[in-house]
Amino acid sequence: MFIERRDKNANYYKVLQSRTLDSVQRLSGNVWTDFNVHDPGVTIADIFNYALYELHYKFQFPFESYLNIEERKEAAYHRKGFLSSGYIFRDSIVTISDYERLITGNISEVEVCKVSLNENMLYHIEVQLLAGADEGQVRRDVETLYHNNRNLCENLGEIAIVDHIGNLEADEPDNHPKTLKINQPGTYCPKISQSYYSIQNHFPECYGISERGLSGGVTEEYQAKVYQLKAYLLIFDYLLADAENQAKDIRILLDLSKRIPGKKTLPVNIRDIEKIVDERRRGMSNIHSSLFWHIQKSRFFDTLDSVYGEDTRKIFNNPDLSSQNEKRADIISAFPRLNRNRFRSFNIFDESGSISGLRQTIAAMLGYKAGKEIPLSNYFARYSLQLLEDRIFFTKHKYKLSVNIVEGASDNRPEKVHKQDIQYKEEDYKELSMRISILWHNLLYEAFLVYGANIDNYKLIHQHEKGYLLVFKVPKKNDWFIISRFYEKEALEKTANLFCQFIRHLNVKSQTFYLIEHILLNDGMAGASDYNKLTIVIPRWTKGIYKKTRYEELLKTRLPAHIEAEFVWFAVGKMYKFEKVYYRWRKSMADRNQPEILQFSGAIKSILSKK
């Protein structure tokens, strides 16, 4: 055995000290000539470099030390957003081989399975059974399993029972890209210090700045010089304490949540600090603001985005970084679960309970719940509201309401309604329906859903002894419409803001889109040339919250590359007409009623062709 000789140039402390003295000699010229160890300037540089060397050592710890992960379990890394490749890519059905493994792995009677595409771009499944297997039951099981895992713009052709399939080429068992390499259990990870020890305590006693302080009998002038030195060194203390504090707070910064480190740095405790720094200002000794930490948190999410091939910053383009980071944390946490079903379509034998993976993902991104599909008319019926197109409302129902046009020549000019931070609650609807005339008559027209969530589209008009009018205007239109009257300005502004939040609530809760896969529109033809075409039907009032181009881009980026997507935006009347046919089409497929499938497939094609 022997002790390996250490390379002198590898001593980082020596490197720091040498560079410091070289820089000081170059900058000071003939002003400073004594660079021996007894010189106070050299002593300060020596101790400061020692502190930097210690920081350098602490920042060489294994990554797990900064995350404060002790159990070394995969789940602990998942909470930080560092997901293993097996967790990200598991259980996803993408290729023909995935379908073959799915069938042989879940149906015990199937010995060998071969999946291929026929001339009509439908899946042809051949299965070789074990002896004694029930062919009819296996067919049903294969069909059910396939449709539970069917991807967008795919469909099943024939299921064939064959005597012999032969050997199939096996895929590589683990061909997924790797993400982060993490240390295995048992790896030693030092703990990060939770406190800071001042560099002033390392100085020789003769300086009078260490923990023992000054010796007795010194003059006031000498004491003042000592305090000056302590104050000068305190600047470096706070910088070093902040560096250690950042190391301590990495576990919070690299956490898959909106949590950020606190504003205060590690306390610097030195003797007689109260004589150097005002006590009140000591409590305000924060080097970094909340905004700084929110920016760092956002950069951490940018890194995770690059690892997982996402762009959550673009999805949640919110100027409020705290809110944006919270939403980004939620969706990044959900991506592994959502991506496993990313391309999955609905089960055609489940009338409305099965929804596509795309719909689940978009709902998670935009912050609404993707539950069982229900007609939009049913949702508005919860509030006894009838949603109408603007044209129908103003031609057939305007006379029922006290809705008047405010003439441009009126002496009472509309004033701004001030925005208030009010959250809508379901129990508020009763009050709103009493105050807003449109709700009182159980009517709502589409322009309200598109523009009614923006408080800037509302104004108030003071009529002196008659009180105040709350009026609404559609952008780029000249007319203001009276929607309510108030005697108090405060009540008007509160109601206007609450009504805005209610309209936003309606918009979010009624968010949906329908996927029409042309390969499923069975019109009796042997094959469909547009088998990879997908029409996405969206309510037109969705533009009230999301820009049309941004919404379409968001949907496109989640679709497989081979799918040709087309978007149609339907007004209220056409949306209701489409939904009526759509749900009957879904029911006919669930019931396997071929005549009705043909009938409603044709009806859907007709509606889409007249978009």
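Residues 24 or more positions apart supply 69% of the chain's contacts with a separation of 6 or more. The model is a predicted one. Its chain holds 22 helices and 13 strands. Of the 611 residues, 46% are buried. The accessible surface amounts to about 33,700 Å². Carbon and sulfur atoms account for 49% of that surface.

Helix packing was examined for two pairs. Two packed helices are described by the angle between their axes and the distance between the axes. The pair α1 and α2 spans residues 12–28 and residues 40–58, respectively. The two helices pack at an angle of about 140 degrees. Their axes lie 9 Å apart. At this angle α1 is therefore oblique to α2, because the roughly antiparallel class takes only angles over 145 degrees. The crossing of α1 past α2 is right-handed.

On the α1 side, the contact is formed by Tyr12, Tyr13, Leu16, Gln17, Thr20 and Leu21. These residues meet Val42, Ala45, Asp46, Asn49, Tyr50, Leu52, Tyr53 and His56 of α2. By class, the residues of this contact comprise nine nonpolar, four polar and one charged. Asp counts as charged, and Asp46 is among the α2 residues in the contact.

Helix α8 contributes Gln246, Ile252 and Leu253 to the contact. Helix α10 contributes Trp293, Gln296, Lys297 and Phe300. Four of the contact residues are nonpolar, two are polar and one is charged. Lys counts as charged, and Lys297 of α10 belongs to this contact.

Gln324 lies in helix α12, which covers residues 321–340. The relative accessible area of Gln324 is 3%. Gln324 is therefore buried, since burial requires a value under 20%. Leaving aside residues up to four places away in sequence, Gln324 touches Ser298, Arg313, Phe316, Asn317 and Asn318.

Terms used. Residues are numbered from 1 along each chain as its sequence is written. This is a predicted model: local features need pLDDT of at least 70, side-chain atom pairs count only at pLDDT 80 or more; totals for chains, interfaces and linings use all residues. Side-chain values use heavy atoms; hydrogens and water are left out. Helices (H or I, at least four residues) and strands (E, at least two) are DSSP runs, numbered from the N terminus. Buried means under 20% relative accessible area, exposed over 50%, partly exposed in between (1.4 Å probe, protein chains only). Contact means heavy atoms within 4.5 Å. Accessible areas come from the Shrake-Rupley method with a 1.4 Å probe; for residues, only the protein chains shown count as cover. Axes are lines fitted to C-alpha atoms, for helices over the stretch in contact, and angles run from 0 to 180 degrees between N-to-C directions. Angles under 35 degrees count as roughly parallel, over 145 as roughly antiparallel, 65 to 115 as roughly perpendicular and the rest as oblique. A crossing is left-handed if the near helix is turned anticlockwise from the far one by less than a right angle, and right-handed if clockwise.
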